[in-house]
Amino acid sequence: MPSIAYQDGRWIVPDQPTIPFIEGDGTGPDIWRGAVRVFDAAIAKTSGGARKVEWLEVLAGEKAFKATGSWLPDETLDVIRRYRVAIKGPLTTPVGGGMRSLNVALRQLLDLYACIRPVRYFKGVPAPVTNPGRLDVVIFRENIEDVYAGIEYQAESAEARALIEFLRDRFGAKIRPESAIGIKPMSKFGSQRLVVKAIQYAIKSGRPSVTLVHKGNIMKFTEGGFRDWGYAVAAERFGAQTIPESDTGGARVPQGKVLIKDRIADAMFQQLVLRPREYSVIAAPNLNGDYLSDAAAAQVGGLGLAPGGNVGDGYAVYEATHGTAPKYAGQDKVNPSSVILSGVMMFEELGWDDVARAIVRGLEAAVLTKRVTYDLARQLPGATEVSTSAFADTIIEHLA
Ligand code: NAP
């Protein structure tokens with residue numbers, strides 16, 4: 001079965017690639033059934049049948065556990081490694097299963113170091129701000145280090161006590177002995193490869209700026225390091241294509257250059273609400289990026305329409321950003337848009353821009369018909385609630 005290859009930083013995509021998928025737990029199967037029909041219809045329509053994806057199911061989560069006794073079987077990872085690009089629905093996080101989260105495990109095992117979340121407004125979707133259409137950002141969040149490194153010890157545990165004593169005896173740090181301890185490692189390597197991805201994306205997609213979001217005024221060496229390493233790699237690797245804000249002297253950015261700026265995390269939340277047009281691509285460490293992605297998604301109408309991609313060098317897994325919504329499982333009820341838009345990101349990354357555009361137009365038109373899933377219907381005056389599959393049908397009818 002033909003697989004996608006990766007050479008010199010580029011994807012090589014056959015006309016009929018095999019793409020593994022994990023349908024997900026809870027409502028995952030309902031969503032996937034709708035989404036895959038939209039993908040196939042858009043590919044067929046844009047290529048007149050010349051292109052086709054061979055979808056290959058791999059197991060993870062509850063379905064995998066029932067079939068194999070493992071939440072994340074080695075075979076799943078092997079297949080994703082072989083085919084390089086995959087898409088997944090939401091997965092239940094096993095409670096007390098010895099694994100913090102399947103999603104985190106997948107990202108770390110495949111070194112998917114950039115979590116990419118585009119946030120834009122879809123006309124007709126109810127949103128809490130007056131002009132939601134002004135926000136159009138793509139957030140690149142570091143996906144491996146910082147709090148995701150998971151170095152944390154319970155209060156009064158032997159590990160926490162030992163660390164507190166070490167920090168006190170060695171460096172004179174004053175820490176209450178009964179404290180819990182968390183450590184956030186952030187490296188130059190990890191920060192720079194994330195910023196590089198964000199800048200490459202801005203250049204490729206003609207976006208005007210990349211903003212480094214950090215809390216470097218307080219955490220000078222981790223968060224401040226992220227900012228400094230970010231500016232440094234922009235200058236070293238993209239000196240001809242970028243300009244730091246400090247070099248503009250307040251004047252217009254020269255044509256064709258990407259502006260590199262930085263903002264302190266707390267101020268950034270305010271900026272996105274008050275001056276959304278000034279932000280385009282955002283690069284952030286793990287925790288800042290986590291908060292910011294959800295806050296930005298809320299600004300344009302919520303997580304139901306928010307896609308995500310976890311991307312490394314030569315591997316990528318696209319996924320819905322919401323969870324399994326288990327209370328609606330099997331009811332053909334929830335909104336499939338998050339997985340559908342994750343597919344849009346995947347097709348864009350693979351260079352199938354025509355497929356991506358057709359789906360986005362179909363989705364925009366479907367929302368405007370006001371025949372939408374319950375989550376949108378309950379907020380949209382005059383809307384009619386339809387099932388997951390009926391909403392997928394409406395998108396397919398409007399592919400353009
Ligand atoms: P959740 O599954 O995201 O559901 C919370 C609420 O969000 C739902 O009750 C529903 O709200 C709304 N919602 C979620 N998906 C929707 C969709 N497709 N369409 C419309 N509305 C949607 O969060 P959770 O209940 O906290 O988590 C459930 C499980 O998912 C847990 O095991 C968690 O660990 C896992 N999880 C997985 C991922 C992932 O795989 N990426 C991410 C987050 C959580 P209303 O009931 O108000 O309509």
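The following legends describe close-up views of a predicted model.

**View 1. The eleven-stranded open sheet.** The strands of this open sheet follow the order E4-E3-E5-E15-E14-E6-E7-E13-E10-E12-E11, and their pairing is mixed. Strand E4 (54-57) and strand E11 (242-244) form the edges, each pairing on one side only. On average, and with direction ignored, neighbouring strands of the sheet are turned by 25 degrees against each other.

**View 2. The pairing of strands E3 and E5.** Strand E3 (residues 18-22) and strand E5 (residues 85-88) run parallel and are joined by two bridges. Within this pair, Phe21 stands opposite Ile87 of E5.

**View 3. Two helices lying across strands.** Helix H7 (residues 223-238) lies across strand E10 (209-214), E11, strand E12 (258-264) and strand E13 (281-284). The angle between H7 and E10 is about 155 degrees. Helix H10 (residues 337-349) lies across E3, E4, E5, strand E6 (114-120), strand E14 (307-311) and strand E15 (316-320).

**View 4. Trp55 in the largest nonpolar core.** The largest nonpolar core holds 89 residues, of which Trp55, Phe347 and Ile359 touch the most other members. Helix H1 (residues 28-47) supplies the largest share of this core, with eight residues. When neighbours within four places in sequence are left aside, the contacts of Trp55 are Ile19, Phe21, Trp32, Val36, Phe39, Asp40, Ile87, Met346 and Phe347. A second, separate core of 17 residues includes Val79, Tyr83, Ala86 and Leu106.

**View 5. The surroundings of the ligand.** The ligand is surrounded by 21 residues, the closest being Thr93, Gly323, Ala325, Tyr328 and Tyr374. Gly323 places a backbone N or O atom 2.7 Å from an oxygen atom of the ligand. A polar backbone atom of Asn335 is 2.9 Å from a nitrogen atom of the ligand. From Arg378, a polar side-chain atom lies 3.0 Å from a ligand oxygen atom.

**View 6. Ser157 in the loop between strand E8 and helix H5.** Ser157 is located in the loop that lies between strand E8 (151-153) and helix H5 (158-171). Because its relative accessibility is 15%, Ser157 counts as buried, the cut-off being under 20%. The side chain of Ser157 reaches the backbone nitrogen of Ala160 at 3.1 Å.

Conventions: Residues are numbered from 1 along each chain as its sequence is written. This is a predicted model: local features need pLDDT of at least 70, side-chain atom pairs count only at pLDDT 80 or more; totals for chains, interfaces and linings use all residues. Side-chain values use heavy atoms; hydrogens and water are left out. Two strands pair if DSSP finds at least two bridges between them. Helices (H or I, at least four residues) and strands (E, at least two) are DSSP runs, numbered from the N terminus. Axes are lines fitted to C-alpha atoms, for helices over the stretch in contact, and angles run from 0 to 180 degrees between N-to-C directions. Contact means heavy atoms within 4.5 Å. A nonpolar core is a set of buried Ala, Val, Leu, Ile, Met, Phe, Trp, Tyr and Cys residues joined through side-chain atoms within 4.5 Å. Buried means under 20% relative accessible area, exposed over 50%, partly exposed in between (1.4 Å probe, protein chains only). A residue is near a molecule or strand if one of its heavy atoms lies within 4 Å of it. A polar contact is a pair of N or O atoms within 3.5 Å; within protein, one must be able to donate a hydrogen and the other to accept it, and residues adjacent in sequence count only if both atoms are side-chain atoms.
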